[in-house]
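Visitor: Please take one part of this protein and look at it closely. I would like the surroundings of that part as well, and then a view of the whole.

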Amino acid sequence: MKSDGDDMTIVEAICAVLQENEEGLTAREIYHEIVKRKLYTFGAKSPVNVVNSQIRRRCFDLDFPTASPLKQFKIASYQGKKPRYCLSNQKNEAVDRRPEQRIDLVADYLPEEKIAAAWKEHMSNIKQLVLESILKNSPDFFEHLVVELLLKMGYGNDKNSGIVTGRPHDGGIDGIISEDKLGLDLIYIQAKRYSSNCKIGRKDLQAFVGAMEHVQKGVFITTSSFTKEAEKFISKQQQKSIKLIDGKLLSELLVKYEIGVLPAERITIYRLDYDYFTT
């Protein structure tokens with residue numbers, strides 16, 4: 001709540017304190033300065049948590065569902081495990097964020113930040129599990145999977161527009177998608193189910209381009225990655241329009257279009273409607 005006769009908001013009070021403390025202060029120190037200077041009157045049972053929450057929602061490098069798009073603060077340094085905050089337009093030395101220190105700081109996260117961090121870890125794990133499951137299956141399974149993915153992404157004129165060629169000596173064409181009913185506009189697909197340490201090189205892509213013959217569009221999909229030379233070759237060649245999909249992008253697309261994964265539970269993250277409570 002605001003103090004009598006004072007229109008200063010809590011964020012304005014925080015800014016007023018930090019304007020005179022370029023080295024940065026902890027959330028608790030900022031709270032004590034606000035109270036000492038009578039800049040704002042708190043009605044919450046845990047006023048330090050309120051200050052910490054308001055700062056972190058507007059702090060650079062902190063991204064979570066209820067974070068504010070307007071950033072006014074940044075972490076200047078650390079006092080033990082506690083971050084010291086300052087205004088974002090002040091010059092400060094780079095913060096030492098050692099891995100073990102980041103783990104200790106989880107306790108200082110807002111609930112929304114903990115959820116966001118857990119979600120990112122979950123997504124990373126599920127994408128890795130997807131790739132591992134593909135590698136445990138056959139090349140034929142992978143070819144059907146990538147055709148299904150492209151169809152679900154909207155390529156082809158209907159769900160029956162994609163086929164797996166199944167030809168062992170096809171020159172690198174594992175699947176075909178017809179973008180129109182007459183099959184006049186085709187997309188050729190090559191799928192390579194490789195481990196992460198086996199990269200796709202330029203020769204593989206040259207062979208794919210040669211096998212495409214009169215077809216102009218192609219997608220080369222792998223569970224591993226492409227060499228720099230291979231990526232450069234595709235970016236410079238002007239014969240065909242080819243999209244490269246590596247293991248990282250493949251796992252993201254499979255999760256996004258829910259192929260090989262099922263939604264276990266959906267949750268809603270709420271944020272306080274400050275406009276509603278502003279009089």
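Predicted model: local features only at pLDDT ≥ 70, side-chain atom pairs only at ≥ 80, totals over all residues.

Guide: The backbone oxygen of Tyr194 lies 2.4 Å from a polar atom of the side chain of Thr223. A polar contact is a pair of N or O atoms within 3.5 Å; within protein, one must be able to donate a hydrogen and the other to accept it, and residues adjacent in sequence count only if both atoms are side-chain atoms. Residues are numbered from 1 along each chain as its sequence is written, and side-chain values use heavy atoms, with hydrogens and water left out.

Thr223 sits in the loop between β6 (217-222) and α8 (228-236); helices (H or I, at least four residues) and strands (E, at least two) are DSSP runs, numbered from the N terminus. Thr223 counts as buried because its relative accessibility is 7%, where buried means under 20% relative accessible area, exposed over 50%, and partly exposed in between (1.4 Å probe, protein chains only). Leaving aside residues up to four places away in sequence, Thr223 touches Leu131, Ile134, Leu135, Phe142, Lys192, Arg193, Tyr194, Gly247 and Leu250. Contact here means heavy atoms within 4.5 Å.

Another covered part is helix α3 (residues 47-57), where nine of the 11 residues are buried. Among them are Pro47, Val48, Val51 and Ile55, along with Arg56 and Arg57. The buried residues of α3 pack against α1 (10-18), α2 (27-36), β1 (73-79), β2 (82-87) and α5 (111-136).

For a contrast, Ile269 lies in the segment after α9 (247-256). Ile269 counts as partly exposed because its relative accessibility is 32%.

Now the whole protein. Its secondary structure comes to nine helices and seven strands, and buried residues make up 41% of its 279 residues. Of the contacts between residues at least 6 apart in sequence, 57% join residues at least 24 apart.

As for confidence, the mean pLDDT is 84, and 87% of the residues reach 70 or more. Over residues 1-5 the pLDDT is below 50, and this stretch has 12 contacts in the model beyond near neighbours in sequence. Residues 90-106 also have pLDDT below 50, with 30 contacts in the model beyond near neighbours in sequence.

Technical notes: pLDDT = per-residue confidence, 0-100.
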